[in-house]
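Please read it alongside the sequence and coordinates shown here.

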Amino acid sequence: MRADAERSRRRILDAACEVFLERGPDAPLDAVVRRAGVGPATLYRRFPDREALVRALVTDLLARLAEAAAQARRDETDPYRALRRFVHAAADLRMGAAIVVLLERLVVDEDLVAVRRDAVTAVEALLRAAQDAGRLRADMGMGDLVLLCVRVSRPLPGALAALDADGSLVHRHLDLALAGLAADPDGPTGRPLGFDEVISAAGRPGEPDPGEPDPGGIVPVGVAPDQAVLDQTVLDQVALDQTASDEVAE
């Protein structure tokens with residue numbers, strides 16, 4: 001792809017991410033065109049319909065997350081600092097909010113599952129390395145890490161968004177959360193949440209079954225109105241349901 005064509009594609013994807021976060025995945029594509037500063041023909045030449053644009057955006061985000069994880073491992077010799085670097089990079093990519101919003105309307109097929117698996121494998125390697133080095137508490141699961149990033153990196157609602165206009169508050173809160181996840185000399189306090197549990201709880205009927213448990217990723221599902229008690233984010237609801245189940249079990 002020519003450099004100018006790649007720059008146009010990058011502008012469209014970045015603009016689409018912002019517009020869909022602000023207005024949902026059904027936002028008018030004209031808003032994406034205006035935000036990207038390109039003509040409608042430029043958008044439709046690359047993405048013939050909304051599903052093609054959403055699919056390209058999800059694939060792009062997952063690929064960038066995998067690269068961010070690999071870059072963190074290259075840049076940091078300390079595994080905990082490598083994990084921290086990745087989490088902050090993921091926040092800059094709007095991963096926590098964007099992936100959830102976009103997958104609400106996207107059919108997850110085997111190709112997308114494969115891309116998702118690559119990203120999850122790269123991130124999980126960071127998590128395990130930090131735990132093996134004794135720098136991260138042992139009861140932190142990959143599912144816990146993803147849901148934590150989703151919760152912390154979501155845009156603040158309404159007028160509160162002005163508090164984090166430059167994005168610095170997200171990074172401060174991530175640092176506070178990560179500090180609480182450092183290895184605890186008193187030992188683990190609970191059971192790690194795995195990706196397979198997240199997928200099982202949030203999986204939608206009719207999606208492809210690769211024949212074996214998927215090692216990672218998020219497949220959000222539409223939530224009935226009476227389930228969306230505290231939050232419209234699907235994965236937030238899954239986490240709340242899990243907490244309720246744990247309390248009943250105790």
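## Burial and overall fold

Of the 250 residues in the protein chain, 43% are buried, where buried denotes under 20% relative accessible area, exposed over 50%, and partly exposed the range in between (1.4 Å probe, protein chains only). The model is predicted: local features need pLDDT of at least 70 and side-chain atom pairs count only at pLDDT 80 or more, whereas totals for chains, interfaces and linings use all residues. Residues are numbered from 1 along each chain as its sequence is written, and side-chain values use heavy atoms, with hydrogens and water left out.

The protein chain contains 11 helices and 0 strands; helices (H or I, at least four residues) and strands (E, at least two) are DSSP runs, numbered from the N terminus. Among contacts (heavy atoms within 4.5 Å) between residues at least 6 apart in sequence, 70% join residues at least 24 apart. The chain exposes about 13000 Å², of which carbon and sulfur atoms supply 52%; accessible areas come from the Shrake-Rupley method with a 1.4 Å probe, and for residues only the protein chains shown count as cover.

## Confidence

The average pLDDT of the protein chain is 77, and 73% of the residues score at least 70; pLDDT is the predictor's confidence in each residue, from 0 to 100. Confidence is highest in helix H2, at 94, and lowest in helix H11 (residues 234-249), at a mean of 46. The pLDDT is below 50 over residues 185-189, a stretch with 6 contacts in the model beyond near neighbours in sequence. It is also below 50 over residues 204-241, where the model has 74 contacts beyond near neighbours in sequence.

## Nonpolar core

The largest nonpolar core has 65 residues, among which Phe-20, Val-32 and Phe-86 touch the most other members. Such a core is a set of buried Ala, Val, Leu, Ile, Met, Phe, Trp, Tyr and Cys residues joined through side-chain atoms within 4.5 Å. At least two residues of this core come from each of H1, H2, H4, H5, helix H6 (95-103), helix H7 (110-132), H8 and H9. H4 supplies the largest share, 12 residues. In soluble globular proteins, nonpolar side chains tend to be buried together.

Helix H2 (residues 29-36) has Leu-29, Ala-31, Val-32, Val-33 and Ala-36 as its buried residues. Their cover includes helix H1 (3-23), helix H3 (40-46) and helix H4 (50-75). Leaving aside residues up to four places away in sequence, Val-32 touches Ile-12, Ala-15, Ala-16, Val-19, Phe-20 and Leu-43. After H2 comes Gly-37, with a positive phi near 70°.

Val-54 lies in helix H4 and is buried, at 1% relative accessibility. Residues up to four places away in sequence not being counted, it touches Phe-20, Leu-102, Arg-105 and Leu-106. Val-54 and Arg-105 are 51 residues apart in sequence, and their C-alpha atoms are 8.6 Å apart in space.

## Salt bridges

The structure holds 14 salt bridges, each defined by a side-chain nitrogen of Lys or Arg within 4 Å of a carboxyl oxygen of Asp or Glu. Asp-175 and Arg-84 form one, with their closest N and O atoms 2.8 Å apart. This pair links distant parts of the chain, 91 residues apart: Asp-175 is in helix H9 (residues 168-180) and Arg-84 in helix H5. Asp-175 is partly exposed at 28% relative accessibility, as is Arg-84 at 31%.

Arg-85 and Asp-75 also meet in a salt bridge (3.6 Å, N to O), which joins helix H5 (residues 79-92) to helix H4 across 10 residues of sequence. Both are partly exposed, Arg-85 at 38% and Asp-75 at 39%. A further bridge pairs Glu-76 with Arg-81 (3.5 Å, N to O); here Glu-76 is buried, at 16% relative accessible area, whereas Arg-81 is partly exposed at 47%.

## Surface patch

Leu-156, Leu-160 and Leu-163 make a nonpolar surface patch of about 280 Å². Patches are made of residues with over 30% relative accessible area and no salt bridge; like charges are joined within 9 Å and nonpolar side chains (Val, Leu, Ile, Met, Phe, Trp, Tyr) within 5 Å. Leu-160 is located in the loop between helix H8 (142-153) and H9, and is partly exposed with a relative accessible area of 45%.
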